[in-house]
Amino acid sequence: MGGDLGVARIGYGAMKLTGWPRGERPGRETALAVLRRAVELGVNHIDTSHYYSRDGVAANELIREALSPYPDDLVIVTKVGALVEGSDLARPAEEKTGLTPDGLRRGVEANLRSLGVDRLDVVNLRMGDLDRDQTPLSGPLETLLALREEGLIRHLGVSNVTAAEFEQARTIAPIACVQNLYNLARRDDDPLVDACARAGIAYVPFFPVGGFQPLTAARLDAVAARHGATVPQVALAWLLARSPNILLIPGTGSLAHLEENVAAGSLKLSAEDLADLG
């Protein structure tokens, strides 16, 4: 990632440890155990954000408690965007100030402080959903580039972007990764996956096994049965087979599911499997 950060292709997404923005979360000791076990299993790419926080449980603080002092090869990727705090999610678009220069600096500084580091490995600029027309990518990315030049950030990435925004971003700053919605059932980003591969840029799909709407299909069940695997494992293996630049960050609050996710890296789908999955 970024040309100088070597990471395993299966990483870990920390959002579920907080139950943000909705859903159950594990107990604190379980959350800490999941993070430590992930590193033991060879995970060295953790995705997080300062706004992954709910009811006093914050992903960055869990990561710091579980893993600091951090292993030398651990890459922590965080993000900033329209939200300054997790509770901003419910605010109207005009009240979300995270993409302003002040909001972006506050977000970067919050990540530095909560993770306990002097420089962030990778910061993804996450563009908005409903208000993206009112907030062009160029201004926020130029702000993050200035923070990078201050030494607060090592690499920049973009998230929730269109193909046009990706190309625009590359004219403004070196881009280490793209983090967008993509999985076996949601393939709108096929051209962008390929464009990133041609450029040598990591593509990191969020919701790799469906997110709040888990993947279900008879074809998935059939392939999973052939391999004695789970449906999420097949979905992850499909992504790994889809393109060599894809890096995975499945999230879980379960030690058992963590083990299954990491084991998916050893699942090799056949040509028949891939044909069945379409």
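I began with the lining of the largest pocket, where α9 gives the largest share, three residues. I am working from a predicted model, in which local features need pLDDT of at least 70, side-chain atom pairs count only at pLDDT 80 or more, and totals for chains, interfaces and linings use all residues. Residues are numbered from 1 along each chain as its sequence is written, and side-chain values use heavy atoms, leaving out hydrogens and water.

**Largest pocket.** I noted a volume of about 1,400 Å³. A pocket here is an open set of points on a 1 Å grid over the protein atoms alone, where a 1.4 Å probe fits, with protein on both sides within 12 Å along at least five of seven lines; lining residues have an atom within 4 Å of a point. The volume is the space filled by probe spheres set on the points, which are joined across faces, edges and corners. I found 50 lining residues, with Met-15, Trp-20, Pro-21, Phe-207 and Phe-212 nearest the centre.

**Second largest pocket.** I read about 250 Å³ for this one. Its lining has 15 residues, and Tyr-70, Pro-71, Asp-72, Leu-74 and Asp-121 lie nearest its centre.

**Asn-245.** I then looked up Asn-245, which sits in the loop between α8 (231-242) and α9 (255-263); helices are DSSP runs of H or I, at least four residues, numbered from the N terminus. Asn-245 counts as buried because its relative accessibility is 12%, the cut-off being under 20% with a 1.4 Å probe and protein chains only. Val-204 is 41 residues away in sequence, yet the C-alpha atoms of Asn-245 and Val-204 are 8.4 Å apart.

Terms used: Helix = DSSP H or I, 4+ residues; strand = E, 2+ residues; numbered from the N terminus. Buried < 20%, exposed > 50% of the residue type's maximum accessible area, 1.4 Å probe, protein only.
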